[in-house]
Amino acid sequence: MLGATSCETTQSPKSSKPTPAAKTDSKKFGKELSTLSFHLQVNLDGTDRNAPVSVFRENPIQINVERSSFLNEGNIVKAAVDEDPDGLISIRIQLDRPGTWLLENITSANSGKHIVLFSQFGEARFLAAPVINRRITDGVFTFTPDASRTEAERIVSGLNNVATKLKKNGLLK
């Protein structure tokens, strides 16, 4: 039942294209910054290392996650908003090499669990909880956010601004 959340950890479809707004989002959102943290679903163990979180606004579900993220905006090389032919938007994340390796390890070892995504983009909330259904080896993570198109564009713009700052400071290659 939880797998039917309309989020998936699959590669971006080859037919999807960045939205026109995503190309101009840096002008629209200036130098705003966004965060994105990846949290793994775990069993509740009574420690303060994990906690239940509520994901999705319209039909919320509770998922217990590690408080510490295993990936964050510092691992993101590039982000984009994609749209499928039916108008469904998704956010596509390209990770750096260490992030790619870590995502591959996490997705290899945790099939059937959720990766819960949290973002701060002027607002702070959990955006998605896709179920790990395969090993992801290419460092591309695509998910359908619980966000409007404008919010998705703001998130992506802020993530790309963070990546630009990290590259400029020599912290991301």
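User: What is the strand order of the open sheet of 3 strands?

Analyst: In this predicted model, the pairing within the open sheet of 3 strands is antiparallel. β2 (35–40) and β8 (124–128) each have a single partner strand and stand at the edges, so one side of each lacks a neighbour in the sheet. From one strand to the next the twist averages 30 degrees. The order is β2-β7-β8.

User: Which residue in β7 is the bridge partner of T35?

Analyst: Strand β7 (residues 115–120) pairs with β2 in the antiparallel sense, over 6 bridges. Within β7, the bridge partner of T35 is Q120.

User: How many bridges join β6 and strand β9, and how many join strand β5 and β6?

Analyst: Both pairings are antiparallel. Between β6 and strand β9 (residues 140–143) there are 4 bridges, with I91 facing its bridge partner F143 in β9.

User: Which residue takes a positive phi in the hairpin of β5 and β6?

Analyst: The hairpin of β5 and β6 has 5 residues between the strands. The positive phi, near 90 degrees, belongs to G87.

User: Is A79 buried or exposed?

Analyst: A79 lies in strand β5. Leaving aside neighbours within four places in sequence, A79 is in contact with R92, I93, V156, L159 and N160. Its relative accessibility is 4%, and A79 therefore counts as buried.

User: What distance separates the C-alpha atoms of A79 and E153?

Analyst: Along the chain, A79 and E153 are 74 residues apart. Their C-alpha atoms are separated by 9.7 Å.

User: Which residue forms a salt bridge with E83?

Analyst: Side chains of opposite charge can pair when their charged atoms come close. The closest N and O atoms of the E83 pair are 3.1 Å apart. This pair links distant parts of the chain, 66 residues apart, with E83 in strand β5 and its partner in helix α3 (residues 149–168). E83 is partly exposed at 29% relative accessibility, and its salt-bridge partner, partly exposed at 32%, is R149.

User: Is R125, which forms a salt bridge with E123, buried or exposed?

Analyst: The closest N and O atoms of E123 and R125 are 2.3 Å apart. Salt bridges with shared partners join R57, E123, R125, D146 and E151 into one network. E123 is partly exposed, with a relative accessible area of 34%. At 8% relative accessibility, R125 counts as buried.

User: How far apart are N and O in the salt bridge of R49 and D45?

Analyst: R49 counts as exposed because its relative accessibility is 53%, while D45 is partly exposed at 41%. The side chains of R49 and D45 meet in a salt bridge with an N to O distance of 3.7 Å.

User: How many helices and strands does the chain have?

Analyst: From the N terminus on, the elements run β-α-β-β-β-β-β-α-β-β-β-α. The chain accordingly has 3 helices and 9 strands.

User: What percentage of contacts between residues at least 6 apart in sequence join residues at least 24 apart?

Analyst: The chain has 173 residues, and buried residues make up 49% of them. Its accessible surface is about 9100 Å², with 51% belonging to carbon and sulfur atoms. Among the contacts between residues at least 6 apart in sequence, the share joining residues at least 24 apart is 70%.

Note on methods
Residues numbered from 1 in each chain as written. Predicted model: local features only at pLDDT ≥ 70, side-chain atom pairs only at ≥ 80, totals over all residues. Heavy atoms only, no water. Pairing = 2+ DSSP bridges. Helix = DSSP H or I, 4+ residues; strand = E, 2+ residues; numbered from the N terminus. Salt bridge = Lys/Arg side-chain N within 4 Å of Asp/Glu carboxyl O. Buried < 20%, exposed > 50% of the residue type's maximum accessible area, 1.4 Å probe, protein only. Contact = heavy atoms within 4.5 Å. Areas by Shrake-Rupley, 256 points an atom, 1.4 Å probe, with all protein chains shown as cover. Axes fitted to C-alpha atoms, helices over the stretch in contact; angles between N-to-C directions.
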